[in-house]
Amino acid sequence: MPERDSPFRFARMHGEIEKRLEDSGMAFTHLRAGEFMHSYFRRVPMIVAKGALYLPMEDAKIASLDVDDLAEVAAIVLTALDTKGKSTR
């Protein structure tokens, strides 16, 4: 998750972006897509060979999802739900 004190560099960057958006005074909703599942396809040979997926992230956690699922959630958030000022996971 995007936390400004995360050991994972990209989580820190996303946390800073969210903070700036929140401080801007604009209405916002965060859709937190940490990683897209299709990005793991290039690692299939290693996953099959070793039975595991290794990433250089120490103990950081990510929320992997399919881009189609993210698009569906975004459409709902933008058209149907009152989510201003909230984080959607």
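**Exercise 1.** Which side chains meet in a salt bridge at 3.1 Å, N to O?

*Solution.* This is a predicted model, in which local features need pLDDT of at least 70 and side-chain atom pairs count only at pLDDT 80 or more, while totals for chains, interfaces and linings use all residues. Residues are numbered from 1 along each chain as its sequence is written, and side-chain values use heavy atoms, with hydrogens and water left out.

Step 1. Apply the criterion: a salt bridge requires a side-chain nitrogen of Lys or Arg within 4 Å of a carboxyl oxygen of Asp or Glu. The side chains of E16 and R20 meet in this way, at 3.1 Å from N to O.

Step 2. Assign exposure, with buried meaning under 20% relative accessible area, exposed over 50%, and partly exposed in between (1.4 Å probe, protein chains only). R20 counts as exposed because its relative accessibility is 59%, whereas E16, at 31%, counts as partly exposed.

**Exercise 2.** Find the salt bridges of the whole structure and describe how they are linked.

*Solution.* Step 1. A search of the whole structure gives three salt bridges.

Step 1. One of them joins the side chains of R4 and E16 at 3.5 Å, N to O. R4 lies in the segment before α1 and E16 in helix α1, so this pair ties together parts that are twelve residues apart in sequence.

Step 2. Another joins the side chains of K19 and D23 at 3.0 Å, N to O; both residues lie in helix α1, four residues apart, about one turn of the helix. D23 is exposed, with a relative accessible area of 52%, while K19, at 30%, is partly exposed.

Step 3. Through shared partners, salt bridges join R4, E16 and R20 into one network.

**Exercise 3.** Is E18 buried or exposed, and which residues does E18 contact, leaving aside its neighbours within four places in sequence?

*Solution.* Step 1. E18 has its place in helix α1, which covers residues 9-23.

Step 1. With a relative accessible area of 11%, E18 is buried; buried residues make up 17% of the 89 residues in the protein.

Step 2. With contact meaning heavy atoms within 4.5 Å, and with neighbours within four places in sequence set aside, E18 is in contact with P2, H30 and R32.

Definitions and conventions
Helix = DSSP H or I, 4+ residues; strand = E, 2+ residues; numbered from the N terminus.
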